[in-house]
Amino acid sequence: MEILQSQRVELMVGVAVALVAIGAGTAYYFHLSNKKLKGCLDPESFKEFKLVKRTQLSHNVAKFRFALPTPDSVVGLPIGQHMSCRGKDSQGENVIKPYTPTTLDSDIGYFELVIKMYPQGRMSHHFREMCEGDYLAVKGPKGRFKYQPGQVGAFGMLAGGTGIAPMFQVTRAILENPKDKTNVRLIYANVTYEDILLKEELDNLATNFPSRFTVYYVLNQILRCGPPPMNKAMAAHLDALEYTPQMQFQF
């Protein structure tokens with residue numbers, strides 16, 4: 001009898017601890033959502049952030065994690081906007097290129113960039129040479145896209161290659177916000193299977209939010225966040241499908 005009572009008490013304590021943990025996690029999410037935390041970026045001048053972890057994802061793709069000034073700092077990047085990164089090319093000349101982090105302000109204390117390094121890319125050279133402990137100069141936020149939760153019922157997204165970064169950022173922000181009921185349908189095009197970036201992360205979102213997020217992988221040289229010739233071609237196809245300019249956005 002005493003054993004049964006002891007087990008019952010342990011079970012009740014375990015349930016109580018679990019509920020407290022869930023409640024604390026939910027409260028912390030809303031704390032981050034409702035509290036206007038000051039971001040670390042400056043739109044007028046470059047600030048340097050230390051590379052604390054580099055993870056090679058394939059022969060020419062790596063994930064770079066940069067530390068923010070404190071463990072409680074946020075990068076301060078509005079959903080759908082990007083940052084300008086400055087580095088040195090192979091000739092030692094300054095080069096600046098825009099990138100969108102795969103992290104959100106709910107990822108406190110750091111931000112991450114997933115970078116594909118092209119053989120002749122000027123900024124690719126800088127990232128290829130970066131080692132843990134090095135610093136990256138960053139300025140921002142930048143961009144015209146300003147997303148507000150629930151502003152549309154659904155998003156149709158087209159991405160090619162490294163153009164997945166802003167789409168992933170927006171999708172994460174939508175799906176991880178319990179107040180946002182927006183649905184997302186993503187078509188993601190690459191040349192080969194090995195070129196697909198963030199596939200595991202995208203598949204996890206599709207598994208965790210099956211009724212709200214669907215991703216279609218296309219392997220060919222096709223697609224709207226990418227170089228000008230691609231955007232021009234896709235714009236013509238979307239016009240033919242009667243998507244008005246107001247229904248489209250080009251990063």
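Which residues is Leu186 in contact with, leaving aside its neighbours within four places in sequence?

1. Leu186 is in contact with Met157, Ala159, Ile164, Met167, Leu202, Phe213, Thr214, Val215 and Tyr216. Contact means heavy atoms within 4.5 Å. The model is predicted: local features need pLDDT of at least 70, side-chain atom pairs count only at pLDDT 80 or more, and totals for chains, interfaces and linings use all residues. Residues are numbered from 1 along each chain as its sequence is written, and side-chain values use heavy atoms, leaving out hydrogens and water.

2. The largest nonpolar core has 24 residues. Such a core is a set of buried Ala, Val, Leu, Ile, Met, Phe, Trp, Tyr and Cys residues joined through side-chain atoms within 4.5 Å. Buried means under 20% relative accessible area, exposed over 50%, partly exposed in between (1.4 Å probe, protein chains only). Ile164, Leu186, Tyr188 and Phe213 have the most contacts inside this core. Two or more residues each come from β7 (154–160), α3 (164–175), β8 (183–190), α4 (199–208) and β9 (213–219). Helices (H or I, at least four residues) and strands (E, at least two) are DSSP runs, numbered from the N terminus. α3 gives the largest share, six residues.

3. Helix α5 has a buried side. Met230, Asn231, Met234, Ala235 and Leu238 are buried in α5. The buried residues of α5 pack against β7. The face turned away carries the exposed Pro229, Lys232, His237 and Ala240. Just after α5, Glu242 takes a positive phi of about 70°.
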